[in-house]
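Subject: Structure handover

Hello,

Here is the structure I said I would pass on. My notes follow below it.

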Amino acid sequence: MSTTRAVPPEFSSSVPRDLQERLRALRARYGRHRADSAGYRFEVATNRRRFQLAEIRKQIAELEERARVIESELQGFGKGMLVLVREEIAAYESEFPEAWSPTGVPGFRIWVLDEGRLVGARRPWTEPEFEATCNAFPDSDEIPHTDERCGRLGCGVYATRELRPLLESHVREGDCGYAAGRVEMSGKVVEHEDGYRAQKAIVVAVALIGRDREVYTTDRSVIQLIFRNPVAALDAPASRKLRTPVLPLLEQHLQERTDEWI
Ligand SMILES: [Zn+2]
């Protein structure tokens, strides 16, 4: 809104310019008004309105100035809010360490060969890829959950950060009928003291230990065969006679590429 015309013109635009100039010249020359004339009263009424109009325009200008101040305060609040939002996100991230990982986070798992299938801690894996589900809240899109709503341990694909403690706690030299693998986790990956819970995991290296045969591979199609049909994989050309001791070989195989990621 324009407030440049704070004081209106002396005469209405409906009074022709030549008449305006004529009256100004007469006033200047004779300097005389008749206070009781209709013209004079009209002039007073006009002046009063000019003054009122000027006052209103001044108030409008003041209100506009106040509006500008409030607008700039709101912009300031916006910046403050941005800082607060960042702080709140940082607080969540430090309390619940997790990452949305576009590249795989490496980890390790063990599966037991049971009735022709490789079974994880909770479920059989029939493919090298596994996407976590939540039994308690299957429709949630925040898997794995970090608020203990589905139990203290929580949902997600579990994997350890280090291979050796996993082997030491699950298998002994001379055991057979299991697979140990390196996985890459992606999606939402929640970090724990010695491992992870992930939304998704894919097996990228695996050692399948049978009674007298073994398969060590990083080949995608062989890994797929191992999870689809581990018994067939132990009979396939990719397998060989079991070498001993198993655990150092297994550790070396699964650790091979890990250094590249660090
Ligand atoms: Zn859950």
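Which residues of helix α3 (residues 163-170) are buried? They are L163, L166 and L167. These cover an arc of only 95° around the axis, which puts them on the same side of α3. The arc is that of the directions from the helix axis to the C-beta atoms. The face turned away from that buried side carries the exposed residues R164, E168 and S169.

Before the rest, some background. This is a predicted model, in which local features need pLDDT of at least 70 and side-chain atom pairs count only at pLDDT 80 or more, while totals for chains, interfaces and linings use all residues. Residues are numbered from 1 along each chain as its sequence is written. Buried means that 20 or more other C-beta atoms lie within 10 Å of a residue's own, exposed means 12 or fewer, and partly exposed is in between, with C-beta atoms placed from the backbone. Helices (H or I, at least four residues) and strands (E, at least two) are DSSP runs, numbered from the N terminus.

In helix α6 (residues 246-255), the buried residues are V246, L250 and L254. Seen down the axis of α6, they fall within an arc of 50°, so they line one face of the helix. P248 and Q252 are exposed on the other side of α6.

Turning to the strands, 11 of the 14 residues of β6 (residues 178-191) are buried. β6 pairs with β7 (residues 195-209) in the antiparallel sense over 12 bridges; two strands pair if DSSP finds at least two bridges between them. The two form a hairpin with 3 residues between them. Within this pairing, R182 stands opposite A205 in β7.

Regards
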